[in-house]
Amino acid sequence: MTAPAHERTSDDLIKAEEPVLAHNYHPLPVVVARAEGTWVEDVEGRRYLDMLAGYSALNFGHRHPALIEAAHRQLDRLTLTSRAFHNDRLAEFAERLAELTGLDMVLPMNTGAEAVESGIKVARKWAYDVKGVPADQATIVVAAENFHGRTTTIVSFSTDETARAGFGPFTPGFRIVPYNDLAALEEAVDETTAAVLLEPIQGEAGVVIPDEGYLAGVRELTRRKGCLFIADEIQSGLGRTGRTLAVEHEGVVPDVLLLGKALGGGIVPVSAVVARREVLGVLHPGEHGSTFGGNPLAAAVGTAVVELLETGEFQRRAAELGQVLHDGLAELVGRGVTGFRARGLWAGVDVDPAIGTGREISERLMREGVLVKDTHGSTIRLAPPLTITAEELRSALGALENVLGAAG
Ligand SMILES: *Cc1c(COP(=O)(O)O)cnc(C)c1O
């Protein structure tokens with residue numbers, strides 16, 4: 001007989017996963033059992049500082065009291081209606097999210113990949129109905145090294161062979177250009193182009209920040225050529241970079257904004273396509289949908305997330321503590337760190353490959369009580385909850401210094 005979970009050690013639980021769980025992940029060997037704020041605790045009661053924050057899904061920390069309260073209140077009233085009926089939470093969620101982002105209309109979905117898929121469908125529909133592209137000829141221009149999710153269509157335009165190989169045939173209609181290269185974009189966009197789809201900062205690629213002027217250039221180019229600019233802010237958005245949206249650093253408002261991760265407050269999957277009315281207005285009843293999209297529990301949590309962001313507190317913290325993170329990392333350059341890119345509370349740190357792979361560094365940091373995740377090669381990503389204190393951040397940087405020094 002299988003022992004009850006509370007009697008099973010971390011090692012037991014890791015071994016138990018092996019035969020029954022698909023091997024599509026390679027987690028660090030830590031089994032988290034509870035969490036609060038910036039801290040998680042494993043089965044044996046060891047505590048770790050969470051410097052990944054669910055890839056930005058936990059921007060407000062684990063179990064933020066206001067979000068947990070909103071979820072509890074909603075759980076006691078109504079959780080799901082489907083969109084066959086209205087529910088009394090959805091209007092407020094859409095109103096406040098549109099207001100927060102400076103756009104007009106919201107299409108609520110669940111996961112990030114669904115928001116991306118929905119954005120692609122909306123852009124194609126817009127190209128045919130509004131722009132006048134001949135049927136089935138629409139193209140969407142994307143960037144190399146992108147990460148937009150895991151569906152068949154999305155991996156069709158990935159340049160990561162591990163994500164793609166073995167999953168064809170792929171969806172046509174995408175053109176891939178180098179990131180941060182306006183000339184290449186200029187050449188790729190033509191009269192068939194429905195949209196340019198980009199991450200304002202490429203998270204999975206290693207927190208790659210384009211040159212200043214690139215996003216404003218994309219905005220100018222797409223407007224001049226008459227196609228849409230879709231910004232995938234699923235990881236970069238909602239406070240992470242020190243602004244509500246990463247595009248704000250260049251004063252850019254995209255035509256279509258894709259949100260996810262932190263929008264669900266680390267409680268439920270909530271994503272959204274937010275856009276100008278001329279764009280989302282192309283959808284009519286029956287053309288798109290989702291059983292769970294816009295459910296009252298998601299809307300209640302999403303509204304509470306927007307409410308937290310309306311205070312500006314988290315954006316401010318990310319900007320201020322981002323300086324602490326930046327300065328701390330700058331001190332490590334030449335001492336195990338070969339380079340880094342940081343904006344707000346988000347950094348890609350390149351570690352000297354002689355010291356270890358990103359995976360090895362992550363495992364050593366885990367043993368120091370700090371959880372991070374490698375992106376690829378010898379790059380690790382730091383993305384703590386925006387609720388982290390300066391002291392906690394300094395202690396994480398101290399652990400990184402130890403790991404780099406101890407190994408060097
Ligand atoms: C995580 C992520 C996605 C996909 O979100 P899921 O919820 O995992 O489907 C899409 N785009 C970006 C930029 C992401 O970081």
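**Questions on a predicted model**

Me: How many aromatic pairs does the structure hold?
Reply: This predicted model holds three aromatic pairs. One of them is formed by phenylalanine 60 and phenylalanine 314.

Me: What makes phenylalanine 60 and phenylalanine 314 an aromatic pair, and why is the pair called edge-to-face?
Reply: The rings lie 5.0 Å centre to centre, and rings pair if their centres lie within 6.5 Å. The angle between the planes is 85°, and planes over 60 degrees apart count as edge-to-face.

Me: Which parts does the pair tie together?
Reply: Phenylalanine 60 lies in the loop between helix H2 (53-56) and helix H3 (65-75), while phenylalanine 314 lies in helix H12 (residues 313-332), so the pair links parts that are 254 residues apart in sequence.

Me: Which residues are around the ligand?
Reply: Among them are Thr111, Gly112, Ala113, Phe147, His148 and Lys261. By class, the shell has three nonpolar, five polar and three charged residues.

Me: How many cavities of 30 Å³ or more does a search of the whole structure find?
Reply: The search finds one. The largest cavity holds about 40 Å³ of space, and its lining includes Met51, Leu365, Val370 and Leu400. Helix H14 (residues 390-407) gives the most to this lining, with three residues.

Me: What classes of residue are in the lining of the largest cavity?
Reply: Seven residues of the lining are nonpolar, with no polar and no charged ones.

Me: What lines the second largest pocket?
Reply: The second largest pocket has 24 lining residues, and Arg83, Val106, Leu107, Pro108 and His288 lie nearest its centre. About 700 Å³ of space lies in this pocket. Helix H4 (90-101) and strand E4 (105-109) each supply at least two residues of the lining. The lining has 13 nonpolar, eight polar and three charged residues.

Me: What makes the peptide bond from glycine 168 to proline 169 cis?
Reply: Omega of this bond is near 0°. Proline 169 is in the loop between helix H7 (161-164) and strand E6 (174-177).

Me: What is phi of glutamate 145?
Reply: Phi of glutamate 145 is near 65°, a positive value in a residue other than glycine. Glutamate 145 is in the loop between strand E5 (139-143) and helix H6 (152-156). Most residues other than glycine have a negative phi, and most peptide bonds are trans.

Note on methods
Residues numbered from 1 in each chain as written. Predicted model: local features only at pLDDT ≥ 70, side-chain atom pairs only at ≥ 80, totals over all residues. Heavy atoms only, no water. Near = heavy atom within 4 Å. Nonpolar A, V, L, I, M, F, W, Y, C, P; charged D, E, K, R; others polar. 1 Å grid on protein atoms, 1.4 Å probe; cavity = no way out; pocket = protein on both sides within 12 Å on 5 of 7 lines; lining within 4 Å. Points joined across faces, edges and corners; volume = space filled by probe spheres on them. Helix = DSSP H or I, 4+ residues; strand = E, 2+ residues; numbered from the N terminus. Phe/Tyr/Trp six-rings, centres within 6.5 Å; stacked < 30°, edge-to-face > 60°.
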